[in-house]
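Open the structure in your viewer and keep the sequence panel beside it. Each stop below says what to select and what is there.

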Amino acid sequence: MRDDATFLRSFYQALSDRPLEPDDAWYVDLYHDPDLAPFDPVEQLATGIEWSGPASTHLFSGFRGTGKSTELRRLRARLREGGAVVVLCDMSESLDLANPVDIADFLVAVAGAFGDALASPDLLGSEVPAGSYWSRLLSWLQRSHIELDSLGAGIGSASLRANIRQDPTFRERLRERMEGHLGALVDDVQDYIASGVRALAASRGEGTQVVLLLDSIEQIRGTTLTSAEGVYASVEGLFSHHAARLHFPGVHVVYTVPPWLKIRSPGIAGSYGGMQLLPCVRVRSRDGRPWGPSLDALERLIHRRGDWARLLGNREQLDRICLASGGYLRDLFRILQSCLRLARNRSLPLSDDDISLALAEVRSSYLPLPRSDALWLAEVQGSQRTGLDVHEAGPNKSLYQLSRFFDTHMILGYRSGEEWYDVHPLLRDEVDRLVAGSA
């Protein structure tokens, strides 16, 4: 039993949700095999960057928990092999992800994150030519005669960064004072990033490609119905109306964006160097049959983290869990962790009833399901399309509601030649029950 406890704890910890490097022992490439995916989105991004000359911009999308941060690290490794300098920034450290985002806020956050990343030892370290952007921003505000005293006593670069990141009221007041200065701010951000690019080129050699990967932007979402609608609209406006301001000379930029953006703003990929989607793992074909190559790939992925056979007994039970997850990796790990918690007080392998309990635990996190949601989800389940009729808010269907389905993973996205959608498998019985009750 003591050996079982050690095994269960180690397996549980191995299922933690964290980004992996491509050389990590736990990493499994889910996109190299055409039986798993029609093409590799990371390779598509890398090719677009390498073939675009000195500068380009790209969008990278996908559902939260599908491994975008891990795949960005694979992109970084892939580009570094070709001699590029790659700067990876987690924008959650400089951008407020719970409130509407303004173009000025966003540009400041990008420049700040870029400067902070340049100061790391593997890039420029203490040799960043222009120093921290937060200090530069403070100087720029003062030179632009933008009054800061009323925003708070003793404003310095550190407090400026913290307030921009954490205080919506501070940001709103700062925006008011910066009104009419957006063009100058854009120029300052462009100049700062250009100086960093020049410094990287000087340290690595002229002609070196510089790539800026901006992660976590897709996590922007409001915390209430009212704020969420404002947040979604602000993200759409940022990438649709300010595309030209999101291009930086001399650097290739990849922005992570939510999957609903292309639906809210059709054709947006044309304003950039394209948009690549990281889908969920296609555990079933479009006609509903289990897809063996994907199930085999997920078996390899799980096996690297722990002895699933010791926990579950046989491959049939593992496939049952993989199919129930819908190929959504975060839920796959959640179900397995639920199994491991149950196993602490049970003999191994787990029984069929034990696994049903684990599935029910994860299913309950999606419930209760409103009847109006079930009716829309049933339409998605039948058509494998979003079922969105209009691009304006409405009482029954709206872009906000669809965005919520995507953000909460009630609807999952797949690709097999073309993109298609389906309801999360854990919700299908409840959707059918509610729809039948409304007939």
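Begin by selecting D4, which is found in helix α1, residues 2-14. The model is a predicted one. D4 has a relative accessibility of 19%, and because buried means under 20%, D4 counts as buried. Leaving aside residues up to four places away in sequence, D4 touches R310 and L348.

**The whole chain**

Now zoom out and show the whole chain. Its secondary structure comes to 18 helices and 7 strands. The C-alpha trace spans about 70 × 50 × 45 Å along its principal axes. A compact globule of 439 residues would have a radius of gyration near 22 Å; the chain has 24 Å, which agrees.

Of the 439 residues, 54% count as buried. If you draw the contacts between residues at least 6 apart in sequence, 74% of them join residues at least 24 apart.

**Helix α3**

Select residues 68-81, which make up helix α3. How far apart are the end C-alpha atoms of helix α3? They are 20 Å apart, and at 1.5 Å a residue the 14 residues should span 20 Å, so the two values agree.

Next, colour α3 by accessibility. The helix is mostly covered, with 10 of its 14 residues buried. The buried residues are K68, S69, T70, E71, L72, R73, R74, L75, R76 and L79.

What covers the buried residues of α3? To see the cover, show α2 (41-50) along with the strands β1 (56-62), β2 (85-90), β3 (210-215), β4 (252-257) and β5 (275-278), which are included in it. Then step just past the end of α3 to G83, where phi is positive, at about 95°.

Go back into α3 and show the side chains of E71 and R74. These two form a salt bridge, and their closest N and O atoms are 2.7 Å apart. E71 and R74 are 3 residues apart in helix α3, which means that about one helical turn separates them. Both E71 and R74 are buried.

**Other salt bridges**

Select R161 and D116. They form a salt bridge in which the closest N and O atoms are 3.3 Å apart. R161 lies in helix α6 (residues 157-166) and D116 in helix α4 (residues 103-118), so the pair ties together parts that are 45 residues apart in sequence. R161 is partly exposed at 29% relative accessibility, and D116 is partly exposed with a relative accessible area of 30%.

Move to D24 and R18. This pair also forms a salt bridge, with 3.6 Å between the closest N and O atoms. D24 counts as partly exposed at 21% relative accessibility, and R18 counts as partly exposed at 38%.

**An arginine without a salt bridge**

Select R282, in the loop between β5 and α11 (292-303). Which side chain of opposite charge is nearest to R282? It is D35, 6.8 Å away. A salt bridge requires the nitrogen and the carboxyl oxygen to be within 4 Å. R282 is buried yet has no salt bridge.

Show the surroundings of R282. Not counting residues up to four places away in sequence, R282 touches D35, L36, W291, S294, Y414, R415, S416 and W420.

**Helix α8**

Select residues 182-204, which form helix α8. At 1.5 Å a residue, its 23 residues should span 33 Å, and the end C-alpha atoms are 33 Å apart, which agrees. G205 follows α8, and its phi is positive, near 115°.

**Last stop**

Finish at G382, which lies in helix α16 (residues 371-383). Is G382 buried or exposed? At 66% relative accessibility, G382 counts as exposed. From here, draw a distance from the C-alpha of G382 to that of E430: the two are 15 Å apart in space and 48 residues apart in sequence.

Definitions and conventions:
Residues are numbered from 1 along each chain as its sequence is written. This is a predicted model: local features need pLDDT of at least 70, side-chain atom pairs count only at pLDDT 80 or more; totals for chains, interfaces and linings use all residues. Side-chain values use heavy atoms; hydrogens and water are left out. Helices (H or I, at least four residues) and strands (E, at least two) are DSSP runs, numbered from the N terminus. The expected span of a helix is 1.5 Å times one less than its number of residues. Buried means under 20% relative accessible area, exposed over 50%, partly exposed in between (1.4 Å probe, protein chains only). Contact means heavy atoms within 4.5 Å. Lys and Arg count as positive and Asp and Glu as negative; His and the chain ends are not counted. The radius of gyration is taken over C-alpha atoms; the globule rule is 2.2 Å times the number of residues to the power 0.38.
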